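Here are a few friendly notes to read alongside the model. Please keep the sequence at hand as you go.

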Amino acid sequence: MWKKVLAGLGVVLLLIATAAAWLWSLIDTTQAEADFSTSKAEQIAYLQQPLALAAQADFKPRGKVLAVVTSTAFYPPAVVEGKTKKTGYELTELSRFYWVLLANGFAVDIASPQGGDAPRVLDDDDMAEFDYAFLNDATAMAKARNTIKLADVNPADYQAIYFVGGKGAMFDFPQDPDIARLVQAMAAQQKLVLAVCHGPAALAQLTNADGTPWLQGKQVTSFTNAEELLLLPDAAKRFPFLLQNKLEQQGALFTEGPRYLPNLVVDGRLITGQNPWTVWQLAEAAVRALGVEPLPRPATAEERTMQLLLNYQQLGLPSASRQVPVVLKDGPVQRNLVVMMALVAAMAGEWSDIWPLLQLTTTIKAAQAKVPVIVSKNPSLAATVRSADISAHTQAQMAVLLQQQQLTGVVWSTVTPEGVRTGAAGIADSDQQSLLRADHKMQVGSIAKTLIAVGILRLVSEGKLSLDSPLSVLLPDLPVDQLLDNPWAAEQPVLLRHLLDHTSGLDDVRLWQVFSLRATPDSPLSQAFKPGTSMRLRTKPGSRLSYSNMGYTVLGMVIEQVSGERYERYLEQHLLQPLQMFDSSFGFITQQEPAADPRLAMGHFENNVTQATVPMFLRPAGQFTTTAADMALFVRFLMSDGVIHHEMNDISNRKPFIAPELLRAMGQPTTTEAAQAGLIAGYALGLNNRDRHGVIGRCHVGTTFGFRANFCLFPEAQKAFFVAMNADVETANYDQFDALLVQELGLARLAPMPPPTAVLPQDIANWLGFYQLAPSRMESFRYLDLLLNFATLQFAEPQQGEQLQLKPFQGAARLLTPVGGRLFRANDRITASHVLLDSAERKRVISDGFRSYQQVSIWQLLPLWASAITGVIGLGFVLTAGLLRFLRKDSLISRWRHNDPLLPPFSAVVFLLLPLPLFFGQSFLQLGELTLASAALALVTGLLPIAMLLGIWHWLLRQAAFRSGAVKGRGKSSVPELLAMIAVLQWSLVLVYWGLLPLRLWA
């Protein structure tokens, strides 16, 4: 028996030894052999040119930045049970920031609460050449050993303040009066406030002049609870507070990224980083925010490793493993960091992550064996890594945003005077788990409208069209007078510019025009409009913006009329080819055979459900396939003087491709009521004027099945961005991607328009009350807009001063500050965003340039609400009463013989549920088609008022029989049932009036 026990123990020990040996084999010992201790700044290629420039006698820094470190060298004895335990600031969080700012022409001073030699924490496992170069640099160390006392700092001397992390910051940063003085003074002057890891402790207890928390409503991050408590389970006792908890208690909007992975949060002039691995990103974001495009910097091995780990966190092991050889082409990685993450997962009890992370380490090791990495002890001889097309900051943040917003993939491009950069993150097809590349093609939906508009402007520049030509002249073969019911035809016909500006008064779409699989790639555009139908214009042409996909489809027909060929073919030859957009097409391209394009990313919905591209009726309004690089060419042209500038062309005698005044007019509305009242926001010639993220750009958003895209151009700065996601997810916040690219471009954030001394208009009381959309975007659902899309305009709370509150029934309230006349600015905008105006019909209107609300009496809305509410209650009563009666022993079936008045109404309500399984059995893209499901829905909704009438008739007969004595029983008890049937009937008749009963989705 003992022999068996010993043999078993031997096997166990052998297995343990084998496992230990395998785990040890995953450790990269060459990394430990790298000796950076003698690194010097002048030996680092990234720093050589900046250092040479700084050495010149006439060199002047672009500005000064103040880095603040802690003076706390030891934990308070009480929190470590009387033992002396050292702390301080993390050198890596100072040194890397210092070198990036220095490399980009900025001087960095170092300060601390007490001044003098501040305590440094050196983590040997994280130290690399930049960190040792700091220790070996006489100037840097002189600043570190002789930090400026915060009390002696003048905020006017600095453009930014940066709070370095380290656990010591938790003790002396939070209540330091000089930190409060500096932050408040610099923030008031729109200067940068930066913090990383534990550095945001400096902001944790700051207050405004009125006593409110300074961080309230601001987006921030810091070292998270998950990161803190994993390594220090007693952190709540060691520190005055847990930093994440404290920031959230102050009303900050805290963003928690993956544990121990980079996460940067930008909120205007406040930039915070989650942990030490975010310092590189934060430093380069600071440079951009200071108005300088950062010097291209080779990514470090640590950064490349973090990119792999972010990929693993977001997309799983298969995707990260496929990315390994791609990342190794750019340079080495630190697989020991991946082993460390496996250890962290074990400490956290996240067993499902341990084995995949070890597998990823194995993959890295095998890939490194094929491309061996030579580690030199002399940093000056170390192999350099080629600069990526995009910054490491943007790459990492895009991956984080994809994870946070539960999206699939993203491609983007930026345009600056220095050139074009492109990038990609995520996956192209969730079924195939293929990585998304920057050269993948994307569907961009309504961005096609901007291309259509530029095609029209090309024809105008050639003299073949006029913006003021009436549509009836442009399309003589189309019975415009029959298609468009224009009550203002004699006074104001529909002009070409009205279609381009979305001010024609046309409806947006009908369901059948969008949700249909019956369209083909070769369907004539005329099939988008059913013969014999007429569309009544809702507003006088040119007066009010109302987005219309139909209008841009008509523009496609104009191009075909002028050119004599399909608009797709004409524009590809006369627009895309001259602009050298060879990877773009107006033609139908899909991911499925026979029209499959292997470079077209797959579309996705929630939970990565795939959706291939299908043909559409309204092609000119939303069918366009392109790449990030091609869109960069396009937006660069939109910011030009109208001449196509190619390196191989002689442009000395070239005429503009597009008249420059037409390019400048894009996004500048002029004819609408809102524009004439002084509002610059709006849509014109294919672009809208967009006030977001502290900058004003000319933009266009596009959405189509499985895709979403946006681009913005900033002509004064000659900068632009394009971003496209191959996922259309209702709950995602796509604005965060735009904000990141605004930051990447380094655009100067504009100060909000200050409120003037003038107060609210004297007659403002007349403007308060209820407002309804005018016009509705989809006329067929106008009733629902009247019912649910109303808003109220009222005075704001007294403590908020001279402000109004615009409160939509669906959505958040907006505070509006008067900025002169009848113009107002929403709190998240920098220019006037709303205007009060009197329409031509003498109606009071409030408009944001895109949507208009018209004042309406509450007595006009109350009947609609009362009708709908009583109708819904009646439906519920009929269903409940019928179910209760059906469950009784004397069921409805047996009562049919006694003419039970509730049976027809109850049956009709139940029948409303019958089409649901049929809809689930068909594609949602057939929602606008005449199918078995939609026909059944029309039938059961059409029967509803008939069933109510029948029930009421039976009830009256029963009551008559009861009074005559022919029927005995408790007939009077059914009065509530009568009221319920009447309630449903009246609502049904209202829906009939509005064209919603019977509900014909294909109409």
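1. A word on confidence: pLDDT is the predictor's confidence in each residue, from 0 to 100. Helices (H or I, at least four residues) and strands (E, at least two) are DSSP runs, numbered from the N terminus. This is a predicted model, in which local features need pLDDT of at least 70 and side-chain atom pairs count only at pLDDT 80 or more, while totals for chains, interfaces and linings use all residues. Residues are numbered from 1 along each chain as its sequence is written, and side-chain values use heavy atoms, leaving out hydrogens and water.

2. The protein chain has a mean pLDDT of 86, with 89% of its residues at 70 or more. Confidence is highest in strand β15 (residues 442–443), at 98, and lowest in helix α32 (residues 892–895), at a mean of 52.

3. Please take care with two stretches. pLDDT stays under 50 over residues 372–389, where the model has 23 contacts (heavy atoms within 4.5 Å) beyond four places in sequence. Residues 647–653 also stay under 50, with four such contacts. Where pLDDT is low, the predicted coordinates should not be read in detail.

4. Helix α29 (residues 735–745) is largely enclosed by the rest of the structure, because eight of its eleven residues are buried (under 20% relative accessible area, 1.4 Å probe, protein chains only). Among them are Phe737, Asp738, Leu740 and Glu744. Gly746 follows α29 and has a positive phi, near 70°.

5. Leu943 lies in helix α35. Its relative accessibility is 34%, so Leu943 counts as partly exposed (between 20% and 50%).
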